[in-house]
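Work through the two exercises below with the sequence and the model open beside you, and try each task before you read its solution.

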Amino acid sequence: MCLFCEIIKGNIPSRKVYEDDNYLAILDIAQTTKGHTLVMPKKHYDTYLDMPADEFAALLKKTHEIAGPLLKNVKANGNNLLINTNPVAGQSIMHVHTHIIPRYTEEDTIRLEFTENSYDLDEVLKECTNA
């Protein structure tokens, strides 16, 4: 059973931010910041890598359409747009979705940190391109 599919079917209540025939946007039950919203296609895919490219592009377009008014309405000063892919990257529900996380100050409760590592970039390039 997919939790998001059950929400889409109306079997589990949610706080709907937006809905049309193909997409549902709901408030994340665990609000990282006020207005943290999840945008998902109604058609089930585990991750964006499982989607046809045109459907993934449509999901990003819909996320863009929802984010602008949402951020204006909650008076956010910015946002993070996040897609977690597979549990190793933090995906806890295997139904593709985007996170719109409004940002108000640099002291918001979300922290994204990038740690620099020393890799041989030529070797990494070979792996990335399978050369």
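A pocket is, on a 1 Å grid over the protein atoms alone, an open set of points where a 1.4 Å probe fits, with protein on both sides within 12 Å along at least five of seven lines, and its lining residues have an atom within 4 Å of a point. Its volume is the space filled by probe spheres set on the points, which are joined across faces, edges and corners. The model is predicted, and totals for chains, interfaces and linings use all residues, whereas local features need pLDDT of at least 70 and side-chain atom pairs count only at pLDDT 80 or more. Residues are numbered from 1 along each chain as its sequence is written, and side-chain values use heavy atoms, with hydrogens and water left out.

**Exercise 1.** Describe the largest pocket and its lining.

*Solution.* Begin with the space, which is about 350 Å³ in the largest pocket. Next, find the 19 lining residues, among which Ile7, Ile26, Leu27, Asp28 and Ile29 lie nearest the centre. Then sort the lining into 10 nonpolar, seven polar and two charged residues. Finally, note that α1 (3-9) and β2 (23-27) each supply at least two lining residues, and that α1 gives the most, with three.

**Exercise 2.** Describe the order of the elements in the protein chain and how much of the chain is buried.

*Solution.* First, list the three helices and five strands, which follow the order α-β-β-β-α-β-β-α from the N terminus on. Then turn to burial: of the 131 residues, 37% count as buried, a word that stands for under 20% relative accessible area with a 1.4 Å probe, protein chains only.

How values were computed: Helices (H or I, at least four residues) and strands (E, at least two) are DSSP runs, numbered from the N terminus. Ala, Val, Leu, Ile, Met, Phe, Trp, Tyr, Cys and Pro count as nonpolar, Asp, Glu, Lys and Arg as charged, and the others, Gly among them, as polar. Buried means under 20% relative accessible area, exposed over 50%, partly exposed in between (1.4 Å probe, protein chains only).
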